[in-house]
Amino acid sequence: MKKIKINISDGIKFPHPYILKARILEIPVNIQKGEEIVLINKQGKIVGTGFYNPDTYKAIRIHTYGEAKFLDYKEIEKRIKKAFKKRKEFFDEEESFRLIFSESDLLTGLIIDKIGKGFVIQINSAGMETKRELIVKALKEIFEPEFVYEKSDSFARKEEALETIKKLHHGRLKNPYQIFTEGLFFLVDIEDGQKTGFFLDQKFNRLEMAKYAEGKVCLDLFSYTGAFTTHFLKNRAEKVFAVEISEKAIKLLKENVRINNLDERKLTVIEGDVFEKLREIKQWRIGFDLIINDPPSFTHKKRKKENALKGYKNLHSEIFDILNRRGILATFSCTHAIDIKDLIGTVSGVQKNRDFVIEVKKLLFQSPCHPVVLYFPESFYLKGVVLSIS
Ligand SMILES: C[S@@+](CC[C@H](N)C(=O)[O-])C[C@H]1O[C@@H](n2cnc3c(N)ncnc32)[C@H](O)[C@@H]1O
């Protein structure tokens with residue numbers, strides 16, 4: 001077992017799982033990219049075990065704390081089973097959910113989403129690349145799934161200097177793939193959709209916001225394939241407007257409304273940039289009762305936060321121009337770089353020059369299949385605020 005000595009205080013049991021290059025004190029020669037190594041502190045005590053990658057400043061990614069333990073087949077199987085048991089506390093057999101959330105499940109650089117009766121995996125670190133066969137084998141043996149598809153195309157791979165990989169490793173996949181989740185059918189574009197095809201992190205929030213939809217005029221901004229939209233239609237919204245820039249996503253949105261036998265006459269889909277379309281919508285003089293604002297992450301970097309906040313301020317300013325009195329807005333941020341206080345702060349600016357009161361009704365978070373762990377603050381990334389005006 002090769003050992004890397006790092007600069008870390010004695011007694012720290014759960015350091016951040018990314019150890020930067022600058023903290024390395026001693027490193028043996030001939031370590032390969034992605035190789036597993038044991039970490040020791042200055043006193044020679046074991047801090048944990050992880051992967052080494054010389055091609056990124058996040059040179060070490062810890063997967064085990066406090067002991068020297070490599071991820072062999074048995075260990076990967078054990079961690080997947082443990083994560084599954086944890087998810088079962090919230091979801092039943094048929095549901096789609098995130099099974100492995102990388103550092104939160106002590107499998108750094110690995111995302112596994114259960115999408116219907118199959119799995120979509122995403123490998124985001126050089127170390128996890130070396131475990132591909134074991135991961136696929138474990139999924140096949142534990143769950144006997146319909147398919148295991150790898151969609152390793154995230155930005156994180158660029159940081160680790162890894163190529164995009166999209167490949168069916170097991171079974172058959174009919175793409176788009178139909179799932180039944182949260183009481184509705186959805187077509188999921190596993191091969192070319194965003195993330196692993198479906199935003200599982202918003203599961204509970206969609207159900208929560210659908211409670212407000214009955215008889216309401218709703219606006220679903222950044223709608224993707226219409227998960228909020230379909231829930232609103234199901235819950236008897238009077239009208240739903242959805243705005244989305246991706247043509248492919250819009251095609252699936254329309255299909256999703258159709259396969260659930262929902263009233264298509266109540267739906268208006270607007271293809272284009274939300275920032276532009278909001279200005280157009282304002283000219284229509286429609287007041288909305290319920291608005292969802294679920295943009296992509298404007299930044300993952302704390303240092304670029306100011307620009308992202310400007311984006312939110314602009315959005316919120318336009319949104320409050322078209323929200324009815326007693327109307328509800330749920331606005332989300334899906335990046336760790338913007339916390340809940342920042343998000344509310346972007347609304348406070350809008351409040352200053354309006355003649356109505358904006359009230360925080362509820363805070364929302366990522367669904368529990370994306371566990372938040374305190375040794376990895378970035379695991380807390382999705383937050384939402386439900387606001388009302390009077
Ligand atoms: C976080 S996802 C929304 C997920 C969706 N609410 C759901 O529950 O499935 C963000 C969406 O915004 C879309 N998008 C990104 N930039 C956009 C823009 N400027 N205008 C409109 N849509 C945009 C993306 O294509 C993506 O579908």
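Which residues in helix 5 are buried? Hi everyone, let's start there. In helix 5, the buried ones are K203, N205, R206, M209 and A210. Buried here means that 20 or more other C-beta atoms lie within 10 Å of the residue's own, exposed means 12 or fewer, and partly exposed is in between, with C-beta atoms placed from the backbone. Helices (H or I, at least four residues) and strands (E, at least two) are DSSP runs, numbered from the N terminus.

A quick word on what we are looking at. This is a predicted model, where local features need pLDDT of at least 70 and side-chain atom pairs count only at pLDDT 80 or more, while totals for chains, interfaces and linings use all residues. Residues are numbered from 1 along each chain as its sequence is written.

Now the overall picture. The protein chain has 10 helices and 20 strands. Its radius of gyration is 22 Å, close to the 21 Å from the globule rule for 390 residues, so the chain is as compact as a globular protein of that length. That radius is taken over C-alpha atoms, and the rule is 2.2 Å times the number of residues to the power 0.38. Along the principal axes, the C-alpha atoms fill a box of roughly 70 × 50 × 35 Å. Of the 390 residues, 42% are buried. Among contacts with a separation of 6 or more, 63% join residues 24 or more positions apart; a contact means C-beta atoms, placed from the backbone, within 7 Å.

Back to helix 5. Its buried residues pack against helix 6, strand 17 (288-293), strand 18 (323-333), strand 19 (358-365) and strand 20 (383-389). Two packed helices are described by the angle between their axes and the distance between the axes. For helix 5 (residues 203-210) and helix 6 (residues 227-234), the axes come within 9 Å and cross at roughly 35°. Axes are lines fitted to C-alpha atoms, for helices over the stretch in contact, and angles run from 0 to 180 degrees between N-to-C directions. R206, M209 and A210 of helix 5 make the contact with A227, F228, H231 and F232 of helix 6. These contact residues divide into five nonpolar, one polar and one charged. Ala, Val, Leu, Ile, Met, Phe, Trp, Tyr, Cys and Pro count as nonpolar, Asp, Glu, Lys and Arg as charged, and the others, Gly among them, as polar.

On to another pair. Helix 9 (residues 305-322) and helix 10 (residues 340-352) pack at about 50°, their axes 9 Å apart. That makes helix 9 oblique to helix 10, since angles under 35 degrees count as roughly parallel, over 145 as roughly antiparallel, 65 to 115 as roughly perpendicular and the rest as oblique. The C-alpha atoms of D342 and L309 are 7.6 Å apart, although 33 residues separate them along the chain.

Finally, some loops. Where is P176? P176 sits in the loop between strand 11 (165-171) and strand 12 (177-181), and the peptide bond from N175 to P176 is cis, with omega near -5°. S102 has a positive phi near 45° without being glycine, and it is buried, with 25 other C-beta atoms within 10 Å. A161 also has a positive phi, near 55°, but A161 is exposed, with 12 other C-beta atoms within 10 Å.

Notes: Two residues are in contact if their C-beta atoms, placed from the backbone, lie within 7 Å.
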